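Student: Could you give me a close look at the strand pairing in this model, please? After that, I would like to hear how the surrounding parts connect to it.

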Amino acid sequence: MEQPPRQITAIQAAATLTSTNIGVGVLALPLFTVQAANSGAPLVTLLGFLLAFVGFVPLVLLGMRFPSQSFVQYSEAIIGKWPSWIGSACVIAFFAVLTAFTSREFGEVVITAVLTRTPVEVTVIVMLLLAAISTRKDITTFAYIHHFYFPLLLVPVLLIGALSLKNADVINLLPIWGNQPTFMLEGILTTAALFEGSFVIAVVIPAMKRPDYALKANFWGMLVGGALYVMIVVATVSVFGAEETSNLLWPTLELAKATSLPANVLERLDAAFLAVWVTTVFTTLLSSYFLTVTELQKLFRQREHKMFSLFMLPFVFFIAMLPQNISQMYATIKIVGRIGLIVTIVYPTLLLVIAIIRNKRGEHADAQQMGKND
Amino acid sequence: MRRIRQRNGKPNSESTGAEVADQGLANIGDERISGNVEETIARIREKLGENDDFTMRRFQVFGRYPAAMFYFSSMIDQAIVNRDILKPLMYMPAYLEDKPIEQDRLKSVLLDESLHHSEGKSEDRLAKLIGGIVRGQTIVAVEGLDAAIVVNTRDVDKRSIDTPATEQVIRGPREGFIEILNTNIALLRYRLQTSDLRVRSMEIGRKTASKVAVCYIDGVTNSDLVKEVQKRLSNIDIDAVLDAGYLEQFIEDNHISPFPQVQYTERPDKVVANLLEGRVAILVDGSPLALVVPTVFSQFYQSVEDYTERFLLMSAVRLARFVALIFSLVFPSLYVAIISYNPELIPTEFAVAVAGGRAGVPFPAVIEVLLIEISMEVLREATIRLPQQVGGALSIVGVLVVGQAAVAAGFASPITVVIIALTTIGSFATPAFNVALALRLLRFPLIIMAGIFGLYGVMIGLILIANHLLALQSFGVPYLSPLIPSDYQGLKDLLVRGPLWWMSKRPEFLYPRDKTRVSPDTMAQIKSPPDKVLNPANQSEKER
Amino acid sequence: MLSRWAKTIKLPLVILIVFPLLSGCWDRLELEERAVVLGISIDTAEPEEVQQEGAITFHSDNVSFPKKDLISVSVQIAIPGKIQLGPSENSGSGKGGTVQSVWVVKVVGYTLDDALVNLQQQISGRLFYGHLRVIVVSEAVARRGMENINDFLRRNSEVRRMAWMLISRGRAEELMKSKPQLERVPTLYLISTMDSAVRMGRFPQNYIGMFWSNMSKKGQEAFLPYVEMKKEQNIELKGLAYFRNDKMVGATRSLEMGTYMSLKGVNPAGYRGFVQIGNPPGTVTVYATSRRASVSVRIIDNVPHFQVNVFTEINVEEKFSDTFALNNSRVLEEIRKENRRQLSEAAERLIKETQRAGSDIFGFGEYLRAKRPGFWDRRVKTKERWQEMYKTVSVDVKVDSRVRRIGMKAK
């Protein structure tokens, strides 16, 4: 494939990261964190975020070290063909699975909350198709899509956060470390796993106008995402209290249910919230799917990633349909999340260390020149 | 005006497209006329003689040399032919009387000394001559001359310059383009009295040989854009170009998108404003609409009036227009989704009332809305086609009586009629007819999606539309610029219209050569406090 | 080559996916096809109603419920078309009676879901709870325990968290059948009663979602409004029905709602109270305009001691004596002192009352959990332990108030 056009600005890269990270996981996030540390949920979220925040720095540094190569390409340059092939295949497989479970999770939310008699297969395939069709576009459009939907992600979260202030009670957030938090570490890992989509920065860097801004973009993108996470957890726990939150499968959605717009414009917000949330889930799906597809293309050295979009669809759909019920689904998601932390954080860190030891580095020239041109 | 070569590699590519394409001229080739008038008459008659409006007139130049004049009587100005061609050629100038004129000087005497017309030239290729007659020129062939004199005597009746019918404004110029290209160019030129305005023309259409003018401002418009426009235009090989719309469909980037990627307008001031932003305008002879490229989505809800009124008010108006645009797209589908899927969203009293209104309607909300929508489209289309006097009456009959009757007959619920009426009216608030049409069309799939999945389906549909818009480009300019990718200068003129002095730069996404619109001095001037000359304090001091 | 392969497969694939979708519309249910449930009332079943249980959810002998636990559920369903927006057209012609705008159907069942399934068996439209605004539970049922009711309502995605749940003294069914004169729909009248009570400071905001939240909290118990139907089809807000776990254990009197709100510092304030001052004694009616309250806790000998500081601003609304004039600060000071004494007495009485019942509706336990997590984790930890401990804690109420205004009259 030819060198992709370098058009993505730092703002677009940051927006891509944020909208990738905010997705269906947010609906259940307060439940996970409350289970970990009752009223310490915001702290768990913050720590989980910080773990991911630090954890993805090596990946970004790696990307900036090889500013014009994608993950598959530079991992080959670092550790050789076959070891890297296995590593990259793991990454790709992981993101295929992540795509599958994201769509399944949202499918479950939709059929439980809104479309109770629609088969879950239909809602899942619709989301997957939507993502698959959109992954056929190029990386620039990919970044545009994320940038465009970014406000749509901010508005509902901020709106519900602001409206729920009315019913919030600070007592519910105290003590901030929780009453005898037992599963703190587990909660932190679960939260950090929600940020695994940040891996998409590896795809974005080779198309950035100024790859040297990648760290900055990563910083802001993840920071906004993390702030929204903390805000959602704070809002949910302060309104419901830790105990009530642990009774709710999707506390964030319930929060939308417990708020109404002033003057009864909309009597309840849950269906509307879920509708708007479709876009954020779509961007998350798009990212992980796009990552899968483009890295596959690099792995098999094809010229176009388009054909993989539809090719992967049956596999992803099949994986999505594997869990038998909603409890099993969440159990699987947690396990997959843990594995994902190894794939997306530990593995790139290892790669970076090896790259530094072996002093490997990608050619910088064209990137620098592009930077100067604008 | 410079002629541009077209379709290289074909025979006769030396001349303009029309002659090549004309079947009647195909076999003539490069044939030239001889000095024999009778032979020329025979050749031209052979090609054009079957037309009743073709006129051939024999006369004697200066009473000595036999000559013949050819023209289409329907396309020329008879008075000019009589006064400026026939008369001076018949009467020998006084200073030449009695002096013999040598055969080789005759041509220059006729062209340079006798002819009283500014657009006259000599031509010897037969194909060119016939092509000229077809375009309304008058040909004079003189015995002994190996070239004929071609004089432009074209005079086609035209309508007068009128108020633009579809883009009316309250504040702003009242002139609209007409069908004649030269008039249209004149309308542009007197607004842009700069040597930088470039008008390049070419002829497109094998049969129509329509003159197409590409206008841009040298030093502002990106030259790559001009080249690309000309390249795309010159690739068009079609028999007829009857309107600018024909060209639009050939030069757009995405041919199957419902969204127009080329803007059309009948307002010269709008074209000038676009030229000044760094765009290229394309005018076609015979079409009162100019095309403007590249086009971005935001242009479609902007109107020239936005810039003539005060910015605060027009920003609000523009926002209202934008809301109407969005409403015309999603309103019916939202209604269907809420009624059929999520009635818990609306207030209880309202929900129960709506249920009451719908109680007698036999169809589900989707079908009901689709039916009313389709009949609304039919009504709308019928109103356009009908003569103006009847049209107004019909629209009232259509909306009031049919709507009322549909409700009374239990065919539709009153709220549906209200929703559809609002939507239809909302779609007329969009200044650009073509984008309103696109959104009206996209409304239907959205309604169907709403019928299948409720709000979820509406969102899926909207995401598909938005993704399409994000991938769409017009001459490489992303369609949603300056929103995505963001451009600070462009954002000042997106949803709100910033004050003119604040929008000091041309939009960045068009990559104009010269970026400055408002000079920094003016900016400084505006920011400094104004002189209060007639302030009572100042004036009374002066009087003392 | 690959793209050609993709193209040939694309069309069948699209058809394969699109056609099932078109045949879909699984969830489409027109508004008029839904039986819009506006209110539900839950009573214990009368003996004669027991036979009506339809046995629809279970095969007769497998499940055994004690017969006496049957509940009788009345459901108020909106009749489409009878409730109109805007001014009603036949208001003049009617003889005063409201148009029958809702349909009240009564069923019996072992659980709430069972009863509703029985109901669904009897009516055509699918029951739709998206507009369920009021759930009235009779005191008898509430005292027996609300676990089942809450569980069904929370599990159902259609039920809103902003509905009101009321405890009725006497049969709850009466409230469903009531025909209030001010609203066309009885439940909407109930709603507006509650909403305006909240707005006027007569009741703390307590939607069903908040009730559930309070019930789940370890250091707090839930409460609900306690209402009674009056003769003129009007509804009186009688007090707070307070709970211990999911069982109602008692109800306060009317003015104690004001005391509760003072202790919680809920604004706006809306209760009036008599204050007796002077010699010979005369009475003035005062009303509070705003309240503030703060809680602090100390641990002494492993027993938490709470101190509540309440501050209210009051205005004089009425004087019922001609022995004194309200024209100097001294009288106002007297009113203030008397009000302080009365309020703190009332507060302590209310707290004692809830302590006897072991129902901490004030959330002192939550406060303890939040501010003294170490003590909580060591000594309390569970809801049950707190319920026991609450009986022994001491609560001091310190009230301060200011009389600000005396109305338009100068004396």
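Tutor: Happy to. Two strands pair here if DSSP finds at least two bridges between them; strands (E, at least two residues) and helices (H or I, at least four) are DSSP runs, numbered from the N terminus. The model is predicted, and local features need pLDDT of at least 70, side-chain atom pairs count only at pLDDT 80 or more, while totals for chains, interfaces and linings use all residues. Residues are numbered from 1 along each chain as its sequence is written, with chains lettered from A and ligands numbered from 1 in the order in which they are written.

Let's begin in chain C. Strand β10 (residues 272-277) of chain C is joined to strand β11 (residues 282-300) of chain C by 6 bridges, in the antiparallel sense. Look for Val275(C) there: Val284(C) in β11(C) stands opposite. β11(C) also pairs with strand β12 (residues 303-320) of chain C, again antiparallel, over 17 bridges. Here Ala293(C) faces Val310(C) in β12(C). β11(C) and β12(C) form a hairpin with 2 residues between them, and Asp301(C) in the turn has a positive phi of about 55°.

Chain C also meets chain B: 24 residues of chain C are in contact (C-beta atoms, placed from the backbone, within 7 Å) with 21 residues of chain B. Strand β1 (residues 34-44) of chain C gives the largest share of the chain C side, 3 residues. That side has 11 nonpolar, 5 polar and 8 charged residues, where Ala, Val, Leu, Ile, Met, Phe, Trp, Tyr, Cys and Pro count as nonpolar, Asp, Glu, Lys and Arg as charged, and the others, Gly among them, as polar.

Crossing into chain B, we find an open sheet of 5 strands in the order β6-β7-β9-β10-β8, paired antiparallel. Its edge strands, each pairing on one side only, are β6 (197-204) and β8 (263-265) of chain B. From one strand to the next the twist averages 25°; angles run from 0 to 180 degrees between N-to-C directions, and axes are lines fitted to C-alpha atoms, for helices over the stretch in contact.

Helix α8 (residues 223-234) of chain B lies across β6, β7 (210-217), β9 (280-284) and β10 of chain B, at about 170° to β7(B). Helix α9 (residues 244-251) of chain B packs on the sheet too, touching β7, β8, β9 and β10 of chain B, and its direction makes about 20° with that of β10(B).

Chain B has another neighbour: 25 residues of chain A are in contact with 23 residues of chain B. On the chain A side, α1, α7 (120-135), α8 and α14 (270-299) of chain A give two or more residues, and α14(A) gives the most, with 6 residues. By class, this side of chain A has 15 nonpolar, 7 polar and 3 charged residues.

Finally, two of those helices pack on each other. The axes of α1 (residues 10-21) and α8 (residues 139-164) of chain A come within 8 Å and cross at roughly 60°.

Notes. Two residues are in contact if their C-beta atoms, placed from the backbone, lie within 7 Å.
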